[in-house]
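The following note comments on helix packing and on the placement of side chains. Please read it alongside the sequence and the coordinates.

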Amino acid sequence: PTQEPIDPVRYISNRSSGKMGRALAMEALRRGAEVTVISGPAREPLPFQAEVIFVRTALEMYEATISRFSQYDVFIGAAAVADYRVADPADEKHKRNGDIHHLELIPNPDIAKKIGEIKRPDQITVGFAAETHHLINYAREKLKKKKLDLIVANQVGGENCAFGSDYVSALMMTPQSKDEQPELIPKSELTHRVFNRISEIMGKK
Ligand code: C5P
């Protein structure tokens with residue numbers, strides 16, 4: 001996840017655990033890749049063999065990612081980037097006074113979309129789509145909009161596919177693939193399949 005400050009002690013964030021990112025980093029390392037993880041404040045420990053760059057906000061993640069992207073063959077965007085940030089975070093802690101408070105939220109940049117705009121033909125980009133509804137349609141849309149080579153669509157909600165779970169109900173899509181149904185599998189199995197697909201795409205580039 002990213003964290004978007006409201007004041008020095010409060011922030012807006014989401015329920016991402018970082019398990020998917022960790023599983024992806026482990027599988028890439030297992031296959032001999034040199035791995036850099038740009039991570040928000042996730043609960044999951046990251047493998048020490050990877051270079052790890054810690055960031056907090058979506059803007060920091062954007063900056064860290066875009067400035068390094070040209071040096072990499074593959075980008076995998078598994079972060080749950082906050083879509084909005086507080087327009088004007090306070091320098092001092094907000095005091096409770098019983099009044100209604102309004103926060104003005106402004107959109108954060110879409111990292112994966114920008115990566116799609118600047119990527120070279122030899123670079124492979126992979127994204128995720130976590131959806132509660134219309135999984136296949138939304139994922140297909142994101143694949144196109146963000147010019148991804150591969151998207152992993154996962155169903156959010158339900159007993160077995162809650163945040164922080166070791167299992168995921170997911171399917172993969174490429175611009176050429178036919179739509180499949182999601183399958184409930186361990187995150188470790190999903191990462192295995194993701195890298196098999198990446199290898200296939202690499203072979204064709
Ligand atoms: O938020 P959304 O469902 O559109 O995210 C889909 C993909 O885009 C994910 O791979 C996510 O990491 C990425 N993303 C991003 N920057 C954002 C929002 C999402 O890179 N601001």
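1. In this predicted model, helix 2 (residues 58-68) packs with helix 3 (residues 111-118) at an angle of about 20°, and their axes lie 10 Å apart. Helix 2 is therefore roughly parallel to helix 3, since angles under 35 degrees count as such. The crossing of the two helices is right-handed.

2. The residues that form this contact can be listed from both sides. Helix 2 contributes A58, M61, Y62, T65 and I66, which meet I111, K114, I115 and I118 of helix 3. Sorted by class, the contact of helix 2 with helix 3 comprises seven nonpolar residues, one polar and one charged.

3. Helix 4 spans residues 135-145, and its residues L135, I136, A139 and L143 are buried. These residues lie on the same side of helix 4, because the arc they cover around the axis is only 85°. As a general point, an α-helix has 3.6 residues a turn, so residues three or four places apart point the same way.

4. What do the buried residues of helix 4 pack against? Their partners are strand 8 (124-131), strand 9 (150-155) and strand 10 (167-173).

Note on methods:
Residues numbered from 1 in each chain as written. Predicted model: local features only at pLDDT ≥ 70, side-chain atom pairs only at ≥ 80, totals over all residues. Heavy atoms only, no water. Axes fitted to C-alpha atoms, helices over the stretch in contact; angles between N-to-C directions. Helix = DSSP H or I, 4+ residues; strand = E, 2+ residues; numbered from the N terminus. Parallel < 35°, antiparallel > 145°, perpendicular 65-115°, else oblique. Left-handed = near helix turned anticlockwise from the far one by under 90°. Contact = heavy atoms within 4.5 Å. Nonpolar A, V, L, I, M, F, W, Y, C, P; charged D, E, K, R; others polar. Buried < 20%, exposed > 50% of the residue type's maximum accessible area, 1.4 Å probe, protein only. Arc of directions from axis to C-beta.
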